[in-house]
Amino acid sequence: MGDNHHQTTHDNALLHPDEHYLKHRTDSNCSQGSYSNLSSTVLGHRPSLISRMPNIKVFGGSSHPELTQLICTRLGLEPGRVITKKFSNRETSVEINESVRGEDVFIVQSGCGEINDNLMELLIMINACKIASASRVTAVIPCFPYARQDRKDKSRAPISAKLVANMLSVAGADHIITMDLHASQIQGFFDIPVDNLFAEPAVIRWITLHIADYKNAVIVSPDAGGAKRVTAIADRLNIDFALIHKERKRANEIDSMVLVGDVTNRVAILVDDMADTCGTFECASQKLLSAGASKVYAICSHGIFSGPAITRINNSPFEAVVVTNTIPQEENMRNSNKIQVIDVSMMFSEAIRRTHNGESVSYLFTQMPL
């Protein structure tokens with residue numbers, strides 16, 4: 001009977017059902033805006049956030065369905081119904097199987113696995129939602145594809161990260177949420193808002209919980225480009241940092257390394273934004289041990305682990321190689337008992353919640369939501 005009441009043409013039909021309920025359970029002098037503020041207390045027995053987030057849909061691509069499920073579980077939502085498949089000629093087909101008209105749509109797709117196929121799938125999903133009259137489409141890209149091709153470092157080299165940014169904008173994306181871009185200036189490639197979340201709070205929590213003598217540790221950057229990242233972590237932990245300068249012969253092939261800093265009889269924690277073939281980590285670990293480090297850990301945001309990476313990790317002296325779940329790691333964990341995973345789904349779910357509700361996301365740059 002209550003449901004039928006909300007479908008009438010009465011003024012209260014303009015309110016969400018939970019707001020209508022609150023209106024009759026609270027003082028009549030309360031403003032309509034206060035009903036939503038009271039929902040967490042009056043409707044505390046309802047774990048779902050739908051009461052505060054009525055017009056939201058979260059869809060997941062085929063790159064990382066586990067992360068999509070974790071994000072939706074934390075938001076109290078069901079993942080949106082979408083079918084992604086390939087035609088016999090390998091073209092990507094996307095079917096959005098529920099209405100998105102007037103909805104705030106979030107599409108989760110990471111730049112991993114079959115990167116080109118997954119990127120194309122994301123573009124098609126964005127466009128499908130946009131032309132189906134979604135009010136806003138946000139691409140949640142935990143690991144941004146082509147992020148390392150962010151500058152013209154030699155003649156006739158493409159700036160592919162800029163091309164990806166243009167493609168996302170043309171497809172119809174209104175907002176981008178990502179994590180630990182390889183270069184922060186990639187945000188400037190876009191003419192739409194970009195929220196670049198940091199794994200730093202999650203990394204700091206892992207260090208304090210899993211490394212007993214972390215106060216005597218040294219945070220080490222495997223290259224000069226990561227100096228800002230390691231100094232930020234070292235400052236928050238109030239410990240020392242060191243730097244390894246490397247020279248490459250060519251991509252994925254390192255010529256020499258020089259350690260700047262003292263790691264003698266101390267735990268060395270290598271921190272980087274991504275690990276691909278793990279050649280850098282392998283050489284850096286040997287360099288740190290030869291310099292007197294007692295233990296060596298490796299922590300990175302995006303564990304790509306392509307080519308000989310798993311073999312190198314298994315043969316390396318690392319105590320553990322810690323990555324976030326921006327990229328699926330189930331198979332890698334089965335192949336190496338040194339790989340450990342930090343769950344960052346709560347950071348993305350909180351970013352989605354804050355974005356939808358028009359709240360500040362900057363809290364997440366330094367704090368880890370519970």
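Biologist: Let's start with serine 160: does it count as buried or exposed?
Modeller: Serine 160 lies in helix 6, where helices are DSSP runs of H or I with at least four residues, strands are runs of E with at least two, and both are numbered from the N terminus. The cut-offs go by relative accessible area: under 20% is buried, over 50% is exposed, and in between is partly exposed (1.4 Å probe, protein chains only). Serine 160 comes out at 11%, so it counts as buried.

Biologist: Before we go on, what kind of model is this?
Modeller: Residues are numbered from 1 along each chain as its sequence is written, and side-chain values use heavy atoms, with hydrogens and water left out. Local features need pLDDT of at least 70, side-chain atom pairs count only at pLDDT 80 or more, totals for chains, interfaces and linings use all residues, and the model itself is predicted.

Biologist: Which residues is serine 160 in contact with, leaving aside neighbours within four places in sequence?
Modeller: Contact here means heavy atoms within 4.5 Å. With the sequence neighbours set aside, the partners of serine 160 are Tyr146 and Gln149.

Biologist: How much of the chain counts as buried?
Modeller: For orientation, the chain has 12 helices and 14 strands. Taking contacts with a separation of 6 or more, 60% of them join residues 24 or more positions apart. Of the 370 residues, the share that counts as buried is 50%.

Biologist: How do helix 5 and helix 6 lie to each other?
Modeller: Two packed helices are described by the angle between their axes and the distance between the axes. Axes are lines fitted to C-alpha atoms, for helices over the stretch in contact, with angles from 0 to 180 degrees between N-to-C directions. Helix 5 (residues 115-131) and helix 6 (residues 160-171) pack with axes 8 Å apart, at an angle of about 25 degrees. Angles under 35 degrees count as roughly parallel, over 145 as roughly antiparallel, 65 to 115 as roughly perpendicular and the rest as oblique, so helix 5 and helix 6 are roughly parallel.

Biologist: Which residues of helix 6 meet helix 5?
Modeller: Helix 5 brings Leu119, Leu122, Leu123, Ile126, Asn127 and Lys130 to the contact, and on the side of helix 6 these meet Val164, Met167, Leu168 and Ala171.
The residues of this contact divide into eight nonpolar, one polar and one charged. For those classes, Ala, Val, Leu, Ile, Met, Phe, Trp, Tyr, Cys and Pro count as nonpolar, Asp, Glu, Lys and Arg as charged, and the others, Gly among them, as polar.

Biologist: How far apart are the end C-alpha atoms of helix 5?
Modeller: The expected span of a helix is 1.5 Å times one less than its number of residues. For the 17 residues of helix 5 that should be 24 Å, and the end C-alpha atoms agree, being apart by 24 Å.

Biologist: Which residue with a positive phi follows helix 5?
Modeller: Most residues other than glycine have a negative phi. The one here has a phi near 75 degrees without being a glycine, and it is found in the loop between helix 5 and strand 5. With a relative accessible area of 32% it is partly exposed, and its name is serine 133.

Biologist: How many disulfides does the structure hold?
Modeller: A disulfide is a pair of cysteine sulfur atoms within 2.5 Å. The sulfur of cysteine 300 has its closest cysteine sulfur in cysteine 278, and at 7.1 Å that is too far for a bond. Cysteine 300 is also buried, at 2% relative accessibility. The disulfide count is zero.

Biologist: How many of the 13 residues of helix 12 are buried?
Modeller: Helix 12 covers residues 345-357. Its buried residues include Met346, Phe348, Glu350 and Arg353. Helix 12 is mostly covered, and the buried number is 12.

Biologist: Which residues does asparagine 216 touch, not counting those up to four places away in sequence?
Modeller: Asparagine 216 is in the loop between helix 7 (200-210) and strand 8 (217-221), and at 38% relative accessibility it counts as partly exposed. Its C-alpha atom is 6.8 Å from that of valine 267, 51 residues apart along the chain. The residues asparagine 216 touches are Asn265, Arg266 and Val267.
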